[in-house]
Amino acid sequence: PFVRDSQNVKNDSQWPVNVEMYGSARLDMWVDSRQVESFRNSLELLYPKERNPSINTPLTCNECLPDSNAVGDFGLNPAISRFGFTITGADDVLCKTKVKGFIEGDFYGRSDANVGGYRLRHAFATLDWKDIGALVGYTWHPFCNPATIPNTISFNSGEPMVPICRVPQLQLSINLLKNLSFVSTAYSEFEFTDDGPSGDSHIYIQNAQRPGFNFLLLAKFPKFLCGIGIDNHEIMPRLRTSTNTPDNHEISSFVGSIFSRILYKKFVIRGQVTAGGNSTFLTQIGGYAVKKIFPDGQQSYTNINYWGWGIDCDWNVSSRFQPGIYFGRTQNTGTNSCSVYLDPLNDNKPIFYGVDSRLDFIYRISPRLWIYHKNIHFGFELEYTKAGFGPMQNDGRIKQVDTAGNFRVCAIAIYSF
């Protein structure tokens with residue numbers, strides 16, 4: 001670490017700033033048994049691809065045709081290597097405020113075409129008083145508590161069964177009791193965004209002209225952490241129809257979540273349950289679909305709901321060896337009524353925005369082993385993920401489900417500094 005007098009940026013020599021750099025060089029290696037849906041060219045696995053051609057399409061005897069996705073892949077990728085800075089020392093003695101800042105990035109890129117390019121992961125500051133705290137900037141969504149994120153070898157960290165998302169936010173936390181706090185957050189979207197007519201984009205929440213809101217009760221004890229919260233955000237998928245008629249229909253979505261971490265002897269157990277609708281920005285399977293098309297071309301929308309859960313466990317056998325296991329499941333639960341519009345001009349398919357209109361469920365189990373030696377870490381994991389696919393009905397549920405499974409063997413090597 002080094003100390004720089006903040007007089008260079010603020011004419012006040014009584015505010016020394018301590019900047020400490022950290023980071024890691026990382027290489028991910030994997031082998032899949034079939035083609036997968038993923039981010040960054042299979043680096044971040046979500047679920048196996050559906051059989052192609054699918055057995056429930058109108059074509060005849062697709063069961064007899066070869067599955068073009070039944071071929072595996074192999075990869076080596078250093079894009080998760082990262083570096084960051086922790087900034088401390090600029091405390092406000094007069095207001096008794098403790099100030100801390102973080103900036104972190106990696107080479108994950110902003111798209112598959114840009115993998116290897118720089119990506120901002122965190123950029124935020126925290127201000128702590130005695131019973132009140134504030135956070136301003138870009139970091140984890142309140143449902144993604146770092147203490148409860150699964151410790152998987154795979155970079156997916158248990159998604160899409162559990163939420164993984166970072167958002168630009170304004171957050172205020174108030175200590176209600178010694179171990180209980182209330183956290184309220186107003187947020188927008190940046191990298192993790194909703195889907196819509198223009199693809200994945202933050203313009204939908206911006207056009208709705210209000211931030212998303214999250215309210216959370218968080219209990220912290222030395223060996224136990226638990227949070228329960230509710231989230232609401234609203235989007236406007238489009239501003240006009242194909243004939244330039246104004247279309248200002250919006251859709252509002254709610255998501256609830258409970259998460260916890262338990263430390264018991266040599267075990268660390270993490271768990272989370274999430275349910276709601278349209279949570280693409282949380283990397284969840286719930287999306288939304290067109291509910292009705294009006295004579296002038298305007299569209300109204302309905303949420304496609306889901307629920308998901310994940311449980312993760314570490315066993316600290318020694319300071320060097322840490323076996324663990326993750327398992328989870330997520331399920332499409334449809335809408336609250338038969339309200340999904342099925343397009344008669346497109347084989348009665350829905351006009352859907354989200355991960356995949358044909359996705360019914362995903363479940364995963366992945367045992368692993370971490371090996372630690374000073375600043376060098378190795379990880380090995382066997383991950384099995386299975387998904388169900390079929391046509392969406394007008395109640396948003398999936399029928400005639402066919403399944404596909406994938407085995408992934410992955411290993412990583414990390415040098416931290």
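In the predicted model, Pro160 is located in the loop that runs between β9 and β10 (166–177). The peptide bond leading from Glu159 into Pro160 is cis, and its omega is near 5 degrees. Ser157 is found in the loop between β9 and β10 as well, and has a positive phi of about 50 degrees although it is not a glycine. With a relative accessible area of 17%, Ser157 falls under the 20% limit and therefore counts as buried. A cis peptide bond also joins Asn52 and Pro53, with omega about 0 degrees; Pro53 is placed in the loop between β4 and β5 (73–77). Most residues other than glycine have a negative phi, and most peptide bonds are trans.

A positive phi, about 55 degrees, is also found at Asn41, which is not a glycine. Asn41 belongs to the loop between β3 and β4 and is partly exposed, its relative accessible area being 46%. Strand β3 (residues 36–39) contains Glu37, which at 30% relative accessibility counts as partly exposed. Beyond residues up to four places away in sequence, Glu37 touches Leu45, Leu46, Tyr47, Pro48 and Lys49. The C-alpha atoms of Glu37 and Gly334 are separated by 22 Å, the two residues being 297 residues apart along the chain.

Ser111 is situated in the loop between β7 (98–106) and β8 (119–128). Its relative accessibility is 32%, so Ser111 is classed as partly exposed. Between the C-alpha atoms of Ser111 and Ala25, which are 86 residues apart along the chain, the separation is 21 Å.

The largest nonpolar core comprises 31 residues, of which Tyr47, Cys165, Leu359, Ile362, Ala387 and Phe389 touch the most other members. At least two residues of this core are supplied by each of β4 (44–48), β9 (132–140), β11 (180–187), β12 (212–221), β14 (251–264), β23 (359–373) and β24 (376–389). A second, separate core has 11 residues, including Leu43, Tyr108, Trp370 and Ile414. In soluble globular proteins, nonpolar side chains tend to be buried together.

The volume of the largest cavity is about 60 Å³, and its lining is made up of Asp28, Met29, Trp30, Leu43, Ile153, Ser154, Phe155, Arg408, Cys410 and Ile412. Two or more of these lining residues come from each of β2 (16–32) and β25 (402–416). By class, the lining of the largest cavity has 7 nonpolar, 1 polar and 2 charged residues. Leu43, listed in the lining, is also a member of the second core.

An open sheet is formed by 3 strands in the order β17-β16-β22, with antiparallel pairing. Its edge strands, β17 (299–303) and β22 (352–353), each pair on one side only. The antiparallel pairing of β16 (residues 288–293) with β22 extends over 2 bridges. Ala289 has Phe352 of β22 as its bridge partner.

Notes: Residues are numbered from 1 along each chain as its sequence is written. This is a predicted model: local features need pLDDT of at least 70, side-chain atom pairs count only at pLDDT 80 or more; totals for chains, interfaces and linings use all residues. Side-chain values use heavy atoms; hydrogens and water are left out. Two strands pair if DSSP finds at least two bridges between them. Helices (H or I, at least four residues) and strands (E, at least two) are DSSP runs, numbered from the N terminus. A nonpolar core is a set of buried Ala, Val, Leu, Ile, Met, Phe, Trp, Tyr and Cys residues joined through side-chain atoms within 4.5 Å. Buried means under 20% relative accessible area, exposed over 50%, partly exposed in between (1.4 Å probe, protein chains only). On a 1 Å grid over the protein atoms alone, a cavity is a set of points where a 1.4 Å probe fits but cannot get out, and a pocket is an open set with protein on both sides within 12 Å along at least five of seven lines; lining residues have an atom within 4 Å of a point. Grid points are joined across faces, edges and corners, and a volume is the space filled by probe spheres set on the points. Ala, Val, Leu, Ile, Met, Phe, Trp, Tyr, Cys and Pro count as nonpolar, Asp, Glu, Lys and Arg as charged, and the others, Gly among them, as polar. Contact means heavy atoms within 4.5 Å.
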